[in-house]
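Here's a quick briefing to read alongside the model. Have the sequence and the 3D view open as you go.

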Amino acid sequence: MDSDSMWISDTEILPGETKKVTVNIARLPSHSPIEISITVARSKIPGPVFLMMGGMHGDEINGIEIVRRIIQNNLHIPERGTTISIPIINVYGFIHFSRYVPDGKDVNRSFPGNKNGSLAARVAYYLMKEIIPKIDYGIDFHTGGADRTNYPQIRCMMSDPVNAELAAAFAAPFSLHSAFRPKSLRWAAGKMKKKILVYEGGESSRFDEYAISQGILGTERLMNHLGLKTYAPPATEHETILIKSSSWIRAKASGLFGTLVSSGQTITKNQIVGYISDPFGEFKVPVRAGAKGYVIGLNNNPIVHQGDALMHIGVLKG
């Protein structure tokens, strides 16, 4: 819950104010600064503090675009409480089209961080020291990794009733139960009793308008649920499907993979979902689903090696 005075680094933001704060995290060997831009918007009416952040992985630009459009369209201005919007966490990764930072580390596996550590550890430390203690709720926007697309989905510990309530309010096409990953933001924030959802939509380095629009609409619904906004939330055109477990279909041979299904589609057990072909025309083997469910993630790169992940399936019992 916000109070009369809020400080982000050395900048004070009073109730009723909206300010953009630029924070220096590190300096590259070229002396180029690594700076994070943070937009804080506060209502004069007390309420929850809500964090929206993208670009933890620098090449996951759908999340960056979601937060950017929210700011551009003034959707971040609360009627009650406070919003903290950070479009790009991993600035180095963003400008280098990379998931990682210079030493190859993943920011989202570097929490709670270290003020004297690597760039990833310093970014994580800043968030845990200056931002996370101030918030009540948050959403961290992500996409699938290189050449893999994720159908719009919310991930959280669904066994926590508050998380389940927040996921229901967001109303993404899919809600997945997802255990904490050690050293992730969600793991570290959870130790501080902060409720953070992860939104996954689209793939890295590609705009996916459906994933972007679902991220924005879901955030509006969530803000309305939290009382930050009092307008009627956008209606959903789909029923949210709860996924309690998931599995991967992996390549049993190396070759060229051609899918017969699309992201978001329902599949049945033993259904042929694609083929792996030898590039020289020597074989063509079917790829079958090991379970009934939904395609919630799909590899878009046709060149696969034996054991590579081809599809992420949200499993349905029965």
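Which residues form one aromatic cluster? Tyr151, Phe174, Tyr210 and Tyr294 do. Bear in mind that this is a predicted model, so to speak of local features takes pLDDT of at least 70 and side-chain atom pairs count only at pLDDT 80 or more, while totals for chains, interfaces and linings use all residues. Residues are numbered from 1 along each chain as its sequence is written, and side-chain values use heavy atoms, with hydrogens and water left out.

**Aromatic pairs**

- The structure holds five aromatic pairs (rings of Phe, Tyr and Trp, the last by its six-membered ring, with centres within 6.5 Å; planes under 30 degrees apart are stacked, over 60 edge-to-face, the rest tilted).
- One of them joins phenylalanine 141 and tyrosine 199: ring centres 5.8 Å apart and planes at 70°, so it's edge-to-face.
- Phenylalanine 141 sits in strand S7 (residues 137-144) and tyrosine 199 in strand S10 (residues 195-203), so this pair ties together parts 58 residues apart in sequence. Helices (H or I, at least four residues) and strands (E, at least two) are DSSP runs, numbered from the N terminus.
- Phenylalanine 141 and tyrosine 199 are both buried (buried is under 20% relative accessible area, exposed over 50%, partly exposed in between, with a 1.4 Å probe and protein chains only).
- Tyrosine 151 and tyrosine 210 also pair, with centres 5.8 Å apart but planes at 45°, so this one is tilted.
- That pair links distant parts of the chain, with tyrosine 151 in strand S8 (residues 148-156) and tyrosine 210 in helix H6 (residues 209-226), 59 residues apart.
- Tyrosine 151 is partly exposed at 22% relative accessibility, and tyrosine 210 is partly exposed at 35%.

**Helix H6**

- Aspartate 208 caps the N-terminal end, with a side-chain oxygen 3.1 Å from the backbone nitrogen of tyrosine 210. A polar contact is a pair of N or O atoms within 3.5 Å; within protein, one must be able to donate a hydrogen and the other to accept it, and residues adjacent in sequence count only if both atoms are side-chain atoms.
- Buried residues in H6 include Ala211, Ile212, Gly215 and Leu226.

**The four-stranded sheet**

- An open sheet runs in the order S16-S15-S13-S18, with antiparallel pairing (two strands pair if DSSP finds at least two bridges between them).
- Its edge strands are S16 (284-288) and S18, each pairing on one side only.
- S13 (residues 255-259) is joined to S18 (residues 303-304) by two bridges, and glycine 255 has valine 304 as its bridge partner there.
- Four bridges pair S13 with S15 (residues 272-277), where leucine 256 partners serine 277.

- Most residues other than glycine have a negative phi, and most peptide bonds are trans.
- The bond from phenylalanine 111 to proline 112 is cis, with omega near 10°; proline 112 is in the loop between H2 (91-95) and H3 (119-131).
- Phenylalanine 97 lies in the loop between H2 and H3, has a positive phi near 55° and is exposed at 70% relative accessible area.
- Asparagine 270 has a positive phi of about 75° and is partly exposed at 47%.
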